[in-house]
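Take a look at the protein below. This report walks through its fold, its helices, its charged pairs and a few single residues.

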Amino acid sequence: MTLPTPKPEAEPAQFSRGTSLHRQLFLVLREEISRGLFGKTGALPKEEALGERFGVSRVTVRRALADLAAQGLVESRHGRGTFVRGDRVSVARPKPTLGLIDSLRQAASDTQVQVLLVEQSEPPADVTAMLQLAPGVRAVHALRLRSVGDTPVMLSDAWVPVPLGKKVTAAALRKQALYEILLAQGVKFGRVIQEITADISDPDRARLLHTEVGVPLLKVVRVIHDPEGHPVQYITVTMTPERSRILMDFAGDAVNTLSAGYFMHEIPVESR
């Protein structure tokens with residue numbers, strides 16, 4: 001008979017050193033609110049209980065709750081505590097599955113673009129390799145910020161081989177999305193390789209995305225090929241999980257294949 005492993009004593013929460021404690025607490029509570037984890041009453045735990053759960057002071061808890069209230073997510077009721085605002089709780093309904101072109105069109109129509117940079121320059125080594133360029137060869141580099149109203153939601157950093165990017169200019173990108181410019185030149189899209197990872201905001205991205213340095217970001221890297229398998233575009237899209245998420249919809253028989261997403265783990269040899 002095998003005895004169950006004793007449950008370890010609770011340990012204080014381990015917080016990241018790159019972000020203020022109240023900010024990290026705010027992010028955790030915001031996520032839990034979005035998932036509807038506070039029941040029918042919408043009552044958050046008392047300040048003392050939150051402090052004990054996360055191992056932080058009541059001052060830190062109050063600052064996190066104030067940030068939630070500033071975003072209209074919670075409200076304080078005198079003598080009763082803090083409650084999720086009922087008018088802010090909703091279940092997001094996914095849109096119908098879109099093909100690549102339709103999804104690009106949807107992203108362009110839902111946001112407003114600010115063109116930050118368009119130039120020809122030598123790409124970083126990883127971009128050079130993925131675009132199958134010779135070392136030292138230049139590519140067209142386009143950096144754009146997409147917003148919904150006054151709120152930035154997506155930073156797009158794209159590279160295109162020079163022969164395909166001759167008509168990619170700042171003026172053109174203010175009128176058309178990059179994919180539209182490429183399609184108008186006769187470029188056709190085929191295979192797409194996509195990688196989704198997490199990243200940390202540096203000072204430049206924190207400023208552009210209106211967030212703090214050191215907070216986690218969603219990072220999507222896409223390499224788009226033509227039907228013959230030649231790379232036509234390398235693009236990195238960076239978003240903050242406070243405002244954005246990634247939704248996937250695929251056929252059941254695609255599970256455990258690259259089309260549905262393949263889990264890859266990079267573990268140092270000495271840790272195996």
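## Overall fold

Among contacts between residues at least 6 apart in sequence, 58% join residues at least 24 apart. This is a predicted model. The secondary structure comes to eight helices and eight strands.

The protein has 272 residues, and buried ones make up 35% of them. Its accessible surface comes to about 17600 Å². Carbon and sulfur atoms hold 53% of that surface.

Helix α2 runs over residues 47-54. Its buried residues are L50, G51 and F54. They cover an arc of only 100° around the axis, so they sit on the same side of α2. An α-helix has 3.6 residues a turn, so residues three or four places apart point the same way.

What covers these buried residues? The cover includes α1 (21-34) and α3 (58-70). After α2 comes G55. The phi of G55 is positive, near 70°.

## Salt bridges around α2

The protein has six salt bridges in the count. One of them joins R53 and E32, with the closest N and O atoms 2.6 Å apart. R53 lies in helix α2 and E32 in helix α1, so the pair ties together parts that are 21 residues apart in sequence. The two partners can be described by their accessibility. R53 is partly exposed, at 44% relative accessibility. E32 is buried, with a relative accessible area of 12%.

Another salt bridge joins E47 and R58, and here the closest N and O atoms are 3.3 Å apart. E47 belongs to helix α2 and R58 to helix α3, so this pair ties together parts eleven residues apart in sequence. E47 is partly exposed, at 22% relative accessible area. R58 is partly exposed too, at 44%. A network of salt bridges links E47, R58 and R62.

## A salt bridge at R205

R205 forms a salt bridge with D199. Their closest N and O atoms are 3.0 Å apart. R205 counts as buried, at 16% relative accessibility. D199 is partly exposed, with a relative accessible area of 22%.

## R144, a charge without a partner

R144 is in strand β4, which spans residues 139-148. R144 is buried, yet it has no salt bridge. How far away is the nearest side chain of opposite charge? That side chain is D157, and it is 8.1 Å away. A salt bridge needs a nitrogen within 4 Å of a carboxyl oxygen, so D157 does not qualify as a partner.

Which residues does R144 touch, leaving aside its neighbours within four places in sequence? Its contacts include V113, Q114, V115 and L116. Also among them are M154, L155, S156 and A158. L173, L178 and I235 are in contact with R144 as well.

## E119 in strand β3

E119 lies in strand β3, residues 112-121. E119 is partly exposed, with a relative accessible area of 34%. Leaving aside neighbours within four places in sequence, E119 is in contact with A139, V140 and H141.

The C-alpha atoms of E119 and A142 are separated by 6.8 Å. Along the chain, these two residues are 23 residues apart.

## T211 in a loop

T211 is found in the loop between α8 (203-209) and β7 (216-225). Is T211 buried or exposed? T211 is buried, with a relative accessible area of 14%. Setting aside neighbours within four places in sequence, T211 is in contact with R23, S201, A206 and E242.

## A nonpolar patch on the surface

I196, I246 and M248 form a nonpolar patch on the surface. Together they have about 240 Å² of accessible area. One member, I246, lies in the segment after β8 (231-239). I246 counts as partly exposed, at 34% relative accessibility.

Notes: Residues are numbered from 1 along each chain as its sequence is written. This is a predicted model: local features need pLDDT of at least 70, side-chain atom pairs count only at pLDDT 80 or more; totals for chains, interfaces and linings use all residues. Side-chain values use heavy atoms; hydrogens and water are left out. Helices (H or I, at least four residues) and strands (E, at least two) are DSSP runs, numbered from the N terminus. Buried means under 20% relative accessible area, exposed over 50%, partly exposed in between (1.4 Å probe, protein chains only). Lys and Arg count as positive and Asp and Glu as negative; His and the chain ends are not counted. Contact means heavy atoms within 4.5 Å. The arc is that of the directions from the helix axis to the C-beta atoms. Patches are made of residues with over 30% relative accessible area and no salt bridge: like charges are joined within 9 Å, nonpolar side chains (Val, Leu, Ile, Met, Phe, Trp, Tyr) within 5 Å. Accessible areas come from the Shrake-Rupley method with a 1.4 Å probe; for residues, only the protein chains shown count as cover.
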